[in-house]
Structures are given as C-alpha cells and as structure tokens.
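Here are my notes on the two chains, in the order I'd go through them at the screen. Have the model open next to you while you read.

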Amino acid sequence: MREELSQIIQTYLAKIKQAKTQNELGEIYLELFGKNGEITKIPKQFPQLSIEEKKIIAPLFTRTKLELEKAVEESKEKILEEGYKKLNLEKLDPKGQIKKRQGHLHPSTQFKKEIVDLFQKLGFQEIFAPHVEWDKYNFEDLNIPKDHPSRDMWDTLYVDTSRLEIDPGSMLLRTHTSNFWPRLMSKGKTPICAMSFDRCFRYEAVDARHAHTFNQFEIAIVGEKGKFISMANLKYLSDYLLKGILGKEAKSRFRPKYYPFVEPGVGIDCLCVFCHGKGCKICSGIGWFEIAGAGLIHPNVLSATGIDPKEHNGLAWGFGPDRMLMLKHSIEDIRYFLEGDLKFLQSY
Amino acid sequence: MKVSLSWLKELVNYNWSPQELADRLSLKSIGVKEVNDNFIELDLTYNRGDLLSLRGVAREVAAISGTQIKFGNLPNPKQNLPEVSVKIENPKLAPVYCVAKIENLKVEKSSDSWIKKLADSGIRTVNNIADITNLIMLEYGQPMHAFDGKKVQNEEIIVRNAKKNETVQTLDGKNRILTTSDLLITDSQGILGLAGVMGAKNSEVSNSTNTILLEAAIFDPVTIRKTSMNHGLYSEAGKRFQHRLTKTNLLNAFAEVIRIYGDQGGKLTAISLVGDFIENPKTIILNYDRLNNLIGASIPKNEVESALNNLGFEVNSNDQGWEVRPPNWRLDIQIEEDLVEEVARIYGYEKIETKPLSLENAEPLDQSIPNLILSLKQKLKNIGLTEVETYSFYSSQVIENLNLNKKSLVKIANPITTETEYLRDFIWPNLIEVVDKNIKSDFSDIAIFEIGKVYSPKKEDLPIEEFRVSIALMNDTDNPITELEAIIDSLKITKPSGKLGDLALFHPTRRTKNSAEVHPRILNKFAITKRVAVFEINLEKSL
C-alpha cells in the first residue's frame, strides 16, 4: 500500500501542476477525492492491514492526502492569478443599455414616506442627528444622569476611544433618536416642531424579535413662549398617527409609563386593529397593543438645553416602526429588514 | 417585582380579581408583566422605588381602588439597652445605620405561611433567621443583613471605604479585589461585608448561629451601583438601595423585624440607631391653571385634591392652587410636573379629550438632505433597482475578505459579537455580501442600492458621518460596469464626489473615480464567480 500511495502522489502532483483551467483541476480533484477517488479508496483497505502495518500506513496516508490537497489549492490559486493577469487586457467599455427591471423601495422607506407625509401636513420637519453620539446628548441632557439606575433601561454599545484621546465611556452608538432634541433645542430657537425617522442601536442579542440595529420614529415639539402644549394635544397626535397608518377605527389610550425625559410620561396602546379590541393572538388577548412612548418634555431637559421651562413646554412621541411594519405585513422575523434578502425586499 | 396576592390582601382591603387588579394597575399606576392566582409581576420602573415593596403596592392599590390600607406606623424601635459601637467614616455614604444584637436564636425551618409568601415572591426559603430579613425586605422594601454575632470582633462596627487592593471573600465564595470606591462594613479585625451588596464569607450566619448582629441602613445609591457593577453583583437588596430608601420606612421595618425575631425566641440585648432620622419633607406648589393647561382639561378642584389625598399627599389650598407635601415614601416626586402626572393618572387619562394642535410658525429646518434622499431613492427605484438596507457595521467576513485596515475604522468597545465590532466606512462591501447571499438563492440578476451613513474616526471628536449612495450590479454579463455607467449617467449627478477605496480591491482597468468592477480576487473570497460592479458617492457633496 505504501507503493500505491507513492504512485498516486507522483502521478497526481504532476497532473495537478500541469492543470491549466479550473475545470481540469476539478476533474483531477474528483479523481482523487470523489466517491471512488484514488485517495477515498485507500482507507477502505485498512481493515486488511496488521496493526503494525497500520501504524506506518495511516500517518503516511494522512500526509499524502494533505500534500495533495495543498497542491490542488496552490494550483487553483495559480490558475486564478493567471486569470487575473488577463484582466489587464480587458478595457473600460463605453456605457451600455439599462436592462428593464421592476424597482423596489425598502419597506421601511415606504413606511417612512407614509409617516413623514402625514406629519409634514401638520408642519413637522425632518431632522437627522449623529448615529455616533456623546453621552451628553444621548443621556445626560435627557435627564438620565451618570450612575442613575435608569441607565439600565438602555443596553448601550460604546465606542472604543482609546486611540482618539477621549475619555472611555463618553462616546456611544445612540440608543434612541432622542439625541436630536438637545442638539436642536440648544440652538435656542423656538418653537420647534421636528421629526426623525432613523437608525438606533442597542446591545442586544439578535433573534426573530430583537435587533441591535433598528429604526425609531420620533416627534418633538417645543411650544411658543407662554403657550402650553398639553396631554390632550398629545392624545390628538397619537390618534392622528394611528388613524393615518392603521385606518380610521384605530384609536389610542394612555397608560402611565416612566421615561426620564418626559413628565408626565405615558405608554401608548393602540386598539387592536385585528380584533377591534376583543382580544386576539396578536394583542395577546388584551384587545390593545403597546405601540409608543410619549409625554410632556421634562423641565430638566429644557433647562439642560438652555430653554426656560417656566416659559416653554413641549411634547415628544416615539415608536418603533419596524415592529409596526411587522404587525402590518405579518412579518415574522425582524432580521428580514437588514439582511438583504431580495425575495423579501422584492415582495414590497 | 412579584407581588404575592394573598400577602397583599393582608395589607389592603381591595375586592378585585387578580386580572382586574392587573388591569387597573396597568392603566393607573404601573405596567404588569404577568398575572396568575398567586402573584402579579410588576414592571420595574426606575422612578417608583416605593413599588419595590408590598406596602408600597398596597398604598397604590388603596389609592386607585378607594379602599383602606390595614397598617400604620410602628413605634420607634429605640430602647434603653446597651449600644453596639458603630463608627461611620463618611456619613454621606451611610447617612443612617441601625444595628440590633439579638441573642438566643435557634435556626429552624420557616413556617408554611412564610414559605408561601417567599415562593409567591420568587424567593427560596433558607431558614427562619435568613427568611425574616427577606420577608421584611419584600414587605417594607428595606434590605436587612444579619451577621453572625460571634464572628464580629469586639461587637464593633466600622463603616469605611476599602483600601486599594484590599481583598474579601464574599458569601458566594469568590475572592474579590476591592477599590477605594467600595463601601465596607468591618469590625476592628477584618471585613464583614460589601455594604448593601453582599456579606463576607467569614461573618456568614450558619446552622449553629444563635446570636446575630442585624443591620438596617441607608447607603449612598451611587456607591452601591458602582460596587454592584464593578463586581458584577446584582441583588434584590442592591436594587432597592439604588432606588433609594427612606428613614421613616427604615424605622418601621426595623421595629417590625425586632418584633418578629422576638416571636422566634430571640432576645434583643443591644441596639444602636446612628444618624439623623428627621425627614425633610418637600413642599411643592401646584398651580391650578398650569395643571389644567398641561393636562388640557378642566379638572374640578375637589377631584385634584381627592386624587392627591388618596395617594397620601398633604394638600393645602391657596389662591392659585395648592401647597403639596408628598408622603415620605414618594421620593420620585420632585417638581410640579410630577404632581400633574399624579393627578392626571388618578383622574383618568381616558377622560382627557383630544385637542388639535396648530404649529404654524415653527423654526424652519433645512429639508434639502431628506428631500434629496427621498427623490434619489425614488429615481433609483424607477430605473429598476431594489433598495436594500444593511447594517452600519462591517461583518467579520467583509473585514477579512477585503483585508481592511481596522485601525482606520470606528471600533466598538463592547461589541455583542465580532459582527458588531467595526463601523462601516463604505457601503459597497456590504452590498457585495447581499449580492453573494442572493446569488446563493439563485438570483441571476441583482441590481441593488443603499443610501445610508458611513463613519470614519476623528481625533478628539465624534466620527465623521456622511450619507453615501451606493449601487451594486451583477447582471450576469462579463462586463457589468457598462450598464452601471448608464444607470449612473441617468442620475445626472453634477459633481460626483468621494472615493471607492483601495485600488487593489478593483479591476485594473474597468474603473472610474466612483465606480468600478470589483476585483474577481475579492469576489472569489466571497465565493462569487460572477462579475460585479459597484458605485459609491458622497450624497451631500455630489448633488
């Protein structure tokens, strides 16, 4: 068997070296490692060997196998590299024709357009804020001081600042779009009527319902001097959005909920549009499902950005459009949004 | 927090079914995670520390159901007995500290009713001595800790910060290296425990314990939080310290725990109450007009008063509204808006009518970028491309296959996995991954685009974030860039700006400043054997 192996290696190393194309190489590979390949056949004879013989043959077999595999790999690289040299002969041709295709917008873009259109009608304007943010704008100015237990509400991804000459922990991936409030408010121009539909990040293990990267839609209003914005206004805006995207019968209800940046703070439930409040699988039998968080902007937030809370107040309303889209279109896995599956994306 | 329903009934006279109770609480007070016949589990909120106790929940239930609580304040536990020596180095970190020496105890199995209360609350029974401290914590929200009295040298307690590199073995058997921000309970010889977080092994109560030194204290919440986080020690007690505790409640809990140990045959032989126990109640002005303006309703004055009274607030009316004194257990009430919330939720959010809002003269914001993004997306769609959105990160596959220089990327300090360790500085590599994935699901024609942000690090500042437009085209020909150029041409980009990256990543001849065929060597690493061309520009500078 030892001879058989040295025969295989002599013959095939030469063959492998001479191969000029990937196809030739593929055939050689099959001759060696295919179902009835020369190498594949060898171990089938092992049971006939004595223990002594096996001690010598088995390692020799392994070495031979590895050597041939390596040779195939090297030859493959060589053939590829030879091929790459020919790229120099190709040239940049003049522009051609555009093939006819059906285009598609990402479902998030379509949804964003819908929501942004609705709120533009009320006078809201879109704003972007940085994705990579200072702790100050993401937390501190929003009444979430350092070392406060409420920080645990946001599992945060921090930026490694060791090469940037910046204190560790001071730079992070924003956990919500709310970093736009202090950035906008600190410009000192009121009234404010802004909205944002953009990407946020959390330290979150990914599964069908959780994503570390997700969208948030948020509005923030700071009123004119001396003119109050109320919870009744907030209710109006909630109903406006829910009716606008889920249909006329949609309606909202408030429940007390704590967010450090608003006071009063409410969780907003939407009457389940699937069972009309009777209770079904989608709303876990409750008849309502939680959809958003909102409230009147906390005076500490206004103060932190230089707005006098005695003269101005405001409201904010935010929700996760990805979840809403999943409900609307019965999408079962949140990962579909960012993983580029064209079968999914081209069905919208 | 899991609230035992049979226990709650001992504390408040309400007549709701478990489901009704859960529904009312979630509409008026706090979210409910789970409800069954034995307990309801409340959503933890970071403001309502008082709801981390059965008594707090009972008060809330009484307020929203219009019923009565069945408990009152207990007499001050101070007694004419010897004192245990207590020395507190920094009273800011331990404003009040109580310790009681209880002798003559016998370690036994707890009664069935105790075991049921603990089980409903999600806590396992240990023995009567340990269970008492847990029961008190659950009912009052005040953590307690029992040291084995025989193991405390000279019956002397010193509360001090750790010295650098001091070590302690905690109850969980782990040896821990301490830092100067850790607050310790010690005797004259050694460490008895990490204040408010975990006891030390050497002072642990055992089956042979008959004398305990029982501690009830208030520690600085920030100190407790830091120690918990530094040592990865998260406990029910630690949580309550972080949510802040009150002196009145501590004294009630301390009086009660001494009484219960007495029932178990224990004899109080020494007691110390160290610190200033006087509460400084706040007075907050609630203006009637402002209240109605913020809620957007006209709530009758008497309803405002009864809402606050039911919640335990003292209310004194004046010309404009009221002077309000929050009850001592409501540390979350700080400002007028907090009172507005209290009134609004008890009055009932469902009674607030919607009011339209006119927002005409808001400060204008530059809408050119959002408009540009949307119109460009529409254009690309109309040309026949499919929009994709990919992560803001580079996958480990992209970094390896493109042999990217990690030093030039924004790095995450605490990535979830290697797939979230570096932020992208180009979009097109992520599009190559999308092409690869879809070739594998048998797509033979792939024309995709993404408009999104890329990130590059900057010294002493936030990274530079810019919007990019990127296209990838695999049209099953050997020369996709010719079609890609036609697509780009139809976009009528006036001054294309931005680069594509390292030239080695691209075809040696088929490239322009902003578009190129990706080098087959790179594509082969993704196992792509088709030709793929890409395009990428900076959105703001190009259009």
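Is strand S4 (residues 192-201) of chain A enclosed by the rest of the structure or left open? Point 2 takes that up, after the housekeeping.

1. Housekeeping. This is a predicted model, where local features need pLDDT of at least 70, side-chain atom pairs count only at pLDDT 80 or more, and totals for chains, interfaces and linings use all residues. Residues are numbered from 1 along each chain as its sequence is written, while chains are lettered from A and ligands numbered from 1 in the order in which they are written.

2. Strand S4 of chain A. It is largely enclosed, because 9 of its 10 residues are buried. Buried here means 20 or more other C-beta atoms within 10 Å of the residue's own, exposed means 12 or fewer, and partly exposed is in between, with C-beta atoms placed from the backbone. Strands (E, at least two residues) and helices (H or I, at least four) are DSSP runs, numbered from the N terminus.

3. Partners of that strand. Strand S1 (residues 125-126) of chain A runs parallel to S4(A), joined by 2 bridges; A:Gln125 has A:Ala194 as its bridge partner. Pairing requires at least two DSSP bridges between the strands.

4. Chain A overall. There are 11 helices and 9 strands. The radius of gyration is 32 Å, well over the 20 Å that the globule rule gives for 348 residues, so chain A is more spread out than a compact globule. That radius is taken over C-alpha atoms, and the rule is 2.2 Å times the number of residues to the power 0.38. The C-alpha trace spans about 100 × 60 × 50 Å along its principal axes, and 39% of the residues of chain A count as buried.

5. Domains of chain A. Domain 1 covers 2-89 and domain 2 covers 107-345; their C-alpha centres are 60 Å apart. The bounds come from an automatic or database domain assignment.

6. Domains of chain B. Four are assigned: domain 1 (2-65), domain 2 (85-275), domain 3 (284-349) and domain 4 (368-542). Between the C-alpha centres of domain 3 and domain 4 of chain B there are 56 Å.

7. A 4-stranded sheet in chain B. The order is S6-S13-S5-S14 in an open sheet with antiparallel pairing. Strand S6 (145-148) and strand S14 (267-275) of chain B are the edges, each pairing on one side only. Inside the sheet, strand S5 (residues 96-103) and strand S13 (residues 212-218) of chain B share 7 bridges, with B:Ala100 opposite B:Leu214.

8. A 3-stranded sheet in chain B. This open, antiparallel sheet is ordered S15-S17-S16. Strand S15 (284-287) and S16 of chain B each have a single partner strand, so one side of each lacks a neighbour in the sheet. S16(B) and S17(B) pair over 4 bridges, and B:Ser317 has B:Trp322 as its bridge partner.

9. B:Gln320 is in the loop between strand S16 (314-317) and strand S17 (321-325) of chain B. Is B:Gln320 buried or exposed? Exposed, because 11 other C-beta atoms lie within 10 Å. Its C-alpha atom is 9.4 Å from that of B:Arg290, 30 residues apart along the chain.
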